[in-house]
Amino acid sequence: MALHLVDHPLIRHKVGILRKHDISTSRFRQLANEITRLLTYEATKDFETETTTIQGWAGDVEVDTIKGKKVTVVPILRAGLGMMDGVFDMIPGAKASVVGFYRDEETLKPVQYYVKLASAMDERTALILDPMLATGGTLEATIELLKESGCTSIRGLFLCAAPEGIDRILKKHPDVDIYVAAVDEKLNDIGYIIPGLGDAGDKIFGTK
Ligand code: URA
């Protein structure tokens, strides 16, 4: 895996606002999608293009189009849904593959409770979406699910990541690329990222 810390003044500024304790639901949602647009821009930088000729206003003109790439976003329920529009703004034709996991209280392992994947996963680049990369347990389960479906091009987009989660995915899935807006200090003893953003799902959905 390659870790891509997308270090840009706009991203640092927006992540700073996300960290405010009293941020409103609407502002958090708006910023999550704005940052996701910028992460999508970086995560698709290596997509190949091909030249075609179209009729322009002054006659024929050569233009670039993205070459044969099919994309599926993979929001992890529920917080990942809060980043989906950011990708759709950039890639309107992307399909959505939705996955959901809960944590087994005894084994502490993620258990799948919902999955609906797009067709032809073996031909697609998957962009996994989750605001927080914390322990990496759910991400690992999602990557395994995608690989079982035949997907060979997997990238993950996160607003905020902990070193523990990054290390785990680095070791287990070196072929997966991770794009993050911020790498924070650590996890606390209940698995929250410090300093982090708090509970990103609650902030996006306005629940508590
Ligand atoms: N999920 C969250 O929403 N926040 C964290 O800090 C960790 C996991």
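Modeller: Glu140 is buried, with a relative accessible area of 8%. Buried here is under 20% relative accessible area, exposed is over 50%, and partly exposed is in between (1.4 Å probe, protein chains only). Some ground rules: this is a predicted model, so local features need pLDDT of at least 70 and side-chain atom pairs count only at pLDDT 80 or more, while totals for chains, interfaces and linings use all residues. Residues are numbered from 1 along each chain as its sequence is written, and side-chain values use heavy atoms, with hydrogens and water left out.

So what does Glu140 pair with? Its side chain meets that of Lys172 in a salt bridge, 3.1 Å from N to O. That term needs a side-chain nitrogen of Lys or Arg within 4 Å of a carboxyl oxygen of Asp or Glu. Glu140 sits in helix 4 and Lys172 in helix 5, so distant parts of the chain, 32 residues apart, are linked. Helices (H or I, at least four residues) and strands (E, at least two) are DSSP runs numbered from the N terminus. Arg168 joins in too: salt bridges that share partners make one network of Glu140, Arg168 and Lys172.

Now follow the pair into helix 5, residues 163-172, where Gly165, Ile166 and Ile169 are buried. Looking down the axis, the buried residues fall within an arc of 100 degrees, so they line one face of the helix; the arc is taken from the directions between the helix axis and the C-beta atoms. Helix 4 (137-148) is part of what covers them, along with elements including strand 1 (3-5), strand 11 (160-161) and strand 12 (177-180).

Back on helix 4, Thr138 is found there as well. Thr138 is partly exposed at 30% relative accessible area. Beyond its neighbours within four places in sequence, Thr138 is in contact with Ile76, Phe101 and Pro110, contact being heavy atoms within 4.5 Å.

Ala134 lies in the loop between strand 9 and helix 4, and it is buried, with a relative accessible area of 18%. Its contacts, again leaving aside neighbours within four places, include Gly165, one of several along with Ala162, Glu164 and Leu187.

Ala134 and Thr138 both turn up in a record: an unreviewed UniProt entry places a "binding site" at positions including Arg78, Arg103, Ala134, Thr138 and Asp199. Those positions are in the numbering used here, the feature name is shortened, and the annotation may be inferred rather than shown by experiment. From this set, the lining of the largest pocket takes in Arg78, Arg103, Ala134, Thr138 and Asp199, among others. A pocket, on a 1 Å grid over the protein atoms alone, is an open set of points where a 1.4 Å probe fits, with protein on both sides within 12 Å along at least five of seven lines; lining residues have an atom within 4 Å of a point.

Finally, the structure holds 12 salt bridges. In another, the side chains of Asp46 and Arg155 meet at 2.8 Å, N to O. Asp46 is in the loop between helix 2 (25-43) and strand 2 (49-56) and Arg155 in strand 10, so parts 109 residues apart in sequence are tied together. Arg155 counts as buried at 8%.
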